[in-house]
Amino acid sequence: MPPPANQPNIRVVTLNIDGQDLSAREDETIIEVCRENQIPIPSLCYLEGLSVWGACRLCLVELAGQNRLLAACSTRVAEGMRIQTNTERLQRYRRTIVELLFAERNHVCSVCVSNGHCELQWLAQRCGVDHVRVPYRQASYQVDSSHEMFRLDHDRCVLCTRCVRVCDEIEGAHTWDVMGRGSDCRVITDMAQPWGDSETCTSCGKCVQVCPTGALVKQGTSVGEMVKDQHFLPILARRRHTI
Amino acid sequence: MSASPKIRVATTWLDGCSGCHMSFLDMDERLIELIQQVDIVYSPLVDAKTLPDHLDVGILEGSISSEEDLEKALEFRRHCRILVSLGDCAVNGNVPAMRNHFKLADVINRAYRDNVTLQPQIPSRGVPALLSVVKPVHGVVGVDVFVPGCPPSADAIWYVLSELIAGRRPDPSSVTRFGA
């Protein structure tokens, strides 16, 4: 994210990522530095312009001298850090995380409106997930088609909460929230009422655009037709910071 | 005939739409190059009625939805050195597995009673019994190579077969993905 205006004195630190010596502002996170330097780190819940959530664990990295893995999105850089972003151990964990996401709900790519435009689908391919080793849960989830413009399919939801954060932080409506625990956890509109009955929803569609999968889509889209456009987000986020 | 023996390949379709086999045929003129190197000894595309022994590569399209699918998958596993799951139905259950959200009896009633106006009846002769849960192929037998896609493109199938013929282990994620 671009720096807010009128910054106090921010120091620069030097660190090493995957063998590259880099410098960064001390208020930056590891994932921000990686993105600036074209070091690819997979992520689902992290999205530039929204607050950090740290839930998906796909951006885990290894820090020399520490056995615990760190989420690159929620860890600030520090002087002298030596970071590895793509070790065999990390690849193994990422693969497992993606497989568990596929196994939990019903991501049937071939009949999904987001087929070909889905971040989960890309991640699976990038992480080498050519099959899911755990049994599928085969649980049924609800679809909410009550909104006249948009549709929510919990089958495709990965609980990244981008919709919750964009609605609260950028649109300022806070229509979305999260309820339930474990596999019953789901995103809700207002007090778990049908989306179409929501009194707070402004129908701006920001939640739909930031959703990484086919969980939030436009009504009337067919297989592969739901293309998302997130260009608005960094622009609006920057303006919010400069006010 | 070339001096080196040809690689013996068998294919079959389980619960799928045969689209993956159509994609196989979409290799077009490369099929001629392919049969210089492989013998397709058993397949819906050829005439053999029984699965021969000692096969190098077995290719399965479709998911495990019936007792017949299960038997075929077990037989392929016994006969083939390398077993390939071809396409999303074989790899992850895909559309056939969407019935797993319903009880099998409800699915059968829906298909053969609820929507039938003339002599509704559940077929029992000449058709294999459905399993209560549809599984990907690797849910019942070990699988060596997974080629996702609905269907995988002819290029993806060509790449995988070329690598297997060359004795290498293909990396299908470099050429295809779920839903491709």
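1. How many helices and strands does the secondary structure of chain A come to? Chain A has six helices and ten strands, where helices (H or I, at least four residues) and strands (E, at least two) are DSSP runs numbered from the N terminus. The radius of gyration of chain A is 19 Å, close to the 18 Å that the globule rule gives for 243 residues, so chain A is as compact as a globular protein of that length. That radius is taken over C-alpha atoms, and the globule rule is 2.2 Å times the number of residues to the power 0.38.

2. This is a predicted model, in which local features need pLDDT of at least 70 and side-chain atom pairs count only at pLDDT 80 or more, while totals for chains, interfaces and linings use all residues. Residues are numbered from 1 along each chain as its sequence is written, and chains are lettered from A and ligands numbered from 1 in the order in which they are written.

3. Along the principal axes, the C-alpha atoms of chain A fill a box of roughly 50 × 50 × 30 Å. Of the 243 residues in chain A, 39% are buried (20 or more other C-beta atoms within 10 Å of the residue's own, with C-beta atoms placed from the backbone). Among contacts in chain A with a separation of 6 or more, 64% join residues 24 or more positions apart; a contact requires C-beta atoms, placed from the backbone, within 7 Å.

4. The domain assignment, automatic or from a database, gives chain A domain 1 (12-86) and domain 2 (91-242). Contact between them involves 15 residues of domain 1 of chain A and 21 residues of domain 2 of chain A. The domain 1 side has ten nonpolar, three polar and two charged residues. Here Ala, Val, Leu, Ile, Met, Phe, Trp, Tyr, Cys and Pro count as nonpolar, Asp, Glu, Lys and Arg as charged, and the others, Gly among them, as polar.

5. The largest nonpolar core has 63 residues; such a core is a set of buried Ala, Val, Leu, Ile, Met, Phe, Trp, Tyr and Cys residues joined through C-beta atoms within 7 Å. α4(A) gives the most to this core, with five residues. At least three residues come from each of domain 1 (12-86) and domain 2 (91-242) of chain A.

6. A:Cys163 is one of the residues with the most contacts inside that core. Beyond its neighbours within four places in sequence, A:Cys163 is in contact with residues including A:Trp176, A:Cys207 and A:Leu216.

7. The contact between the chains takes 17 residues from chain A and 21 residues from chain B. On the chain A side, eight are nonpolar, eight polar and one charged.

Methods. Two residues are in contact if their C-beta atoms, placed from the backbone, lie within 7 Å. A residue is buried if 20 or more other C-beta atoms lie within 10 Å of its own, exposed if 12 or fewer, and partly exposed in between; C-beta atoms are placed from the backbone.
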